[in-house]
Amino acid sequence: MLLVACMGLSLVACGGGSNTPASNDGGTTEEGNEGAQASDEGGSDENASNEGSDEGGSSGDVITVGFSQVGAESDWRTANSESMKSTFSEANGYKLIFDDAQQKQENQLTAIRNFINQEVDYIVLAPTTETGWDTVLQEAKDAGIPVIIVDRMVDVSDDTLYNCYVGGNFKLEGQKACEWLKAYADAKGITELNIAHIQGNIGASAQIGRTEGLEEAAEKYGWNIVAQQSGEFTQAKGQEVMESMLKSNDNINVVYCENDNEAFGAIDAIKAAGKTCGPEGDIIVVSFDSVKAAFESMIAGDLNATFECNPLHGPRVAEIIQKLEAGEAVDKIQYVDEAYFDTSMDLESILAERAY
Ligand code: AHR
């Protein structure tokens, strides 16, 4: 196989919330080890786009990667897809078969089976939800195709069904957000927190971890979660859910959104209801991802804080594939380094350097 130059990846320890902006490509914290498998050949199907060449299957030194992406629901997801597409390019020695599942697990199951039929070299899966993968991943294993799980985790009975995972530590993100909220409320003298909780897609790792972080903190600190509903990680649903929560609860002083896009929608709903938000407003707004638009929202005085979920997985996955190609072991669980950002920071300078 052609030796592909791996893009920058720093292997530094994952810290808790920090006032120091994280690098845009971030690093990973690795746990456990796993061996390698490989096969060859690839192809295409009607729902997938071939990013690397016009032909199906691998040939010569080209490595064929089938990537089953969740969808295009958020700014984060767009940045994640771009990272994968720019990394797994023909110029870098890859043929990428990219499949957008439109947030439906059934589409992902079909895509993976198509990748198996096409005899791709590697399957990369960003799973919609954690459960429901045992059968199809067993089929990939039986076909001898290595599987790399990215972004969200899978919950399978046999962890040899995938080679490794690279993505965020979602519970840690939630815990960092809640510790920030506790310190912020204490500093402002706010003793009663009535929280509107806009969740992500139910069953996705990003929802499960961030929800656990909040629910545990609410129990520990005596906070009231006055409303809880999925905003499906989209701006439109975030707005719709917040409108309804504000109508049923007149005491909300915090909204905890499980991604930035939901927060943008919630902020629109807050303003439409004649309320204010942000550091000078009635309602504290916190969210996750730290996309560029979140910095703009903080600079505008609407969003209070955003907790990073780094989407730039392409170079990390390429490094894993190159290790597997070389017959080297890879760490089983590889968490991405993530920081947080709030309005006490020099957001203009950070935004100027931001990659997504
Ligand atoms: O799994 C990562 C989450 O998925 C991001 O927080 C969100 O924006 C995306 O839809």
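To start: which residue in S7 is the bridge partner of Ile149? Looking at the pairing, that partner is Tyr165. Keep in mind that this is a predicted model.

That pair belongs to the contact between S6 and strand S7, residues 164-167, which run parallel and are joined by four bridges. S6 also pairs with strand S5, residues 122-125; these two run parallel as well, with three bridges between them.

Helix H3, residues 134-142, together with S5 and S6, makes a β-α-β unit, and the unit is right-handed.

What about burial in S6, which covers residues 147-151? Five of its five residues are buried, so the strand is largely enclosed by the rest of the structure.

Next, the ligand. Its surroundings include Asp151 and Arg152, along with Glu73, Ser74, Trp76 and Arg77. Also around the ligand are Ala206, Phe233, Asn259, Phe288, Asp289 and Cys309. Sorted by class, the shell has five charged residues, five nonpolar and two polar.

Where does the shell come from in terms of elements? Helix H1, 75-87, supplies at least two of the residues, and strand S11, 284-289, likewise supplies at least two.

By domain, at least three shell residues come from domain 1, which is 2-10 + 170-310 + 341-352, and at least three from domain 2, which is 27-169 + 312-338.

That is the end of the walk-through; questions are welcome.

Definitions and conventions. Residues are numbered from 1 along each chain as its sequence is written. This is a predicted model: local features need pLDDT of at least 70, side-chain atom pairs count only at pLDDT 80 or more; totals for chains, interfaces and linings use all residues. A residue is near a molecule or strand if its C-beta atom, placed from the backbone, lies within 6 Å of it. Ala, Val, Leu, Ile, Met, Phe, Trp, Tyr, Cys and Pro count as nonpolar, Asp, Glu, Lys and Arg as charged, and the others, Gly among them, as polar. Domain bounds come from an automatic or database domain assignment. A residue is buried if 20 or more other C-beta atoms lie within 10 Å of its own, exposed if 12 or fewer, and partly exposed in between; C-beta atoms are placed from the backbone. Two strands pair if DSSP finds at least two bridges between them. A crossover is right-handed if, with the strands pointing away from the viewer, the path from the first strand over the helix to the second runs clockwise.
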